[in-house]
Amino acid sequence: MLFKQQAWLRQKLLVLGSLAVGSLLYLVARVGSLDRLQPICPIEGRFGGARSQAEFPLRALQFKRGLLHEFRKSNNASKEQVRLHDLVQQLPKAIIIGVRKGGTRALLEMLNLHPAVVKASQEIHFFDNDENYAKGIEWYRKKMPFSYPQQITIEKSPAYFITEEVPERIYKMNSSIKLLIIVREPTTRAISDYTQVLEGKERKNKTYYKFEKLAIDPNTCEVNTKYKAVRTSIYTKHLERWLKYFPIEQFHVVDGDRLITEPLPELQLVEKFLNLPPRISQYNLYFNATRGFYCLRFNIIFNKCLAGSKGRIHPEVDPSVITKLRKFFHPFNQKFYQITGRTLNWP
Ligand code: A3P
């Protein structure tokens, strides 16, 4: 009887012991992960370096995780809230100018993981749309999300990269603005562009040409440079227009293909370019096998993947057309590497 009681007691103690060790391990893991998101004071010590925009108060970081998120979503903070928290609507200090289907949304969302970055959720199309542009810079500023003065606002409108008037207009707003261009291997980007249009047509029950028919001129059997998806992929041609207004140092090229497979190093390069302290970590990015893409983790509770419209399945394209397009883009790519100083090893 005594032996039975002792065994029962030993078993109970074992269970309680395991529970205690388990809870302890959980707490250690949780504190470890929170530490990566909510910095421990003093902030200055962690960021190091001189006082700059890279430094911002602790409450700004904490605020971003909570209330500010709501403000950004609704864009309608009350006057009292704005006054209480010194919130402002700031013109962007950096713009993702393109390229369409390069991964512009993923880049914006991933940069928004940084506590010093506040994204404009919608594409504003201020500089490429004459009607919007005529409304003036105050209209544009009012479209920006609320932020702390120490934070930077970033917007993305991929049409900026290819629209004639945009470089001059952005220059007039801020000649020292930082410009981000995210590119993908040009043929893949063109097919992605086609896939998006195709999906739109299918939704409206409209028929559409095959990619091969659009990308190759049936009369000459050469690449059809009148086809917009092809023209957009001639990155160097567009960039040359921008260089009439901005020096190359004001641009940063993001490798959109690498952002898909290995986002962190690409984001770290952007942090450096924007003079931001490195705050985005592997913890913030996790691979979702169902989606086949990296998704975003803001904290232990809040994570999200991009919408289903990002990461479409491309139609199969005749390999000879792919080869022809790659050969066509090759010299333009070489020029692009030479101008930007970033070699991307495209075929
Ligand atoms: P595909 O749909 O061709 O795969 P944009 O936002 O400029 O329209 O770019 C869309 C592309 O972003 C997608 O093209 C997809 O490959 C890419 N992308 C990069 N990272 C992604 C991510 N984490 N989740 C979903 N799509 C991502």
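A pocket is defined, on a 1 Å grid over the protein atoms alone, as an open set of points where a 1.4 Å probe fits, with protein on both sides within 12 Å along at least five of seven lines; a molecule sits in a pocket if more than half of its atoms lie within 2 Å of its grid points. In the present predicted model, for which local features need pLDDT of at least 70, side-chain atom pairs count only at pLDDT 80 or more, and totals for chains, interfaces and linings use all residues, the ligand sits in the largest pocket. Residues are numbered from 1 along each chain as its sequence is written, and side-chain values use heavy atoms, with hydrogens and water left out.

The shell around the ligand (residues with a heavy atom within 4 Å) comprises 17 residues, of which Thr104, Ser192, Tyr294, Lys310 and His314 come nearest. Taken alone, the ligand exposes 580 Å², of which the protein buries 97% (Shrake-Rupley method, 1.4 Å probe). Among DSSP helices (H or I, at least four residues) and strands (E, at least two), α6 (104-111) and β9 (293-297) each give two or more residues to this shell, and α6 gives the most, with 4.

Backbone geometry was also examined. The peptide bond from Gly98 to Val99 is cis, with omega near 5 degrees, and Val99 lies in the loop between β2 (94-98) and α6.

Definitions and conventions: On a 1 Å grid over the protein atoms alone, a cavity is a set of points where a 1.4 Å probe fits but cannot get out, and a pocket is an open set with protein on both sides within 12 Å along at least five of seven lines; lining residues have an atom within 4 Å of a point.
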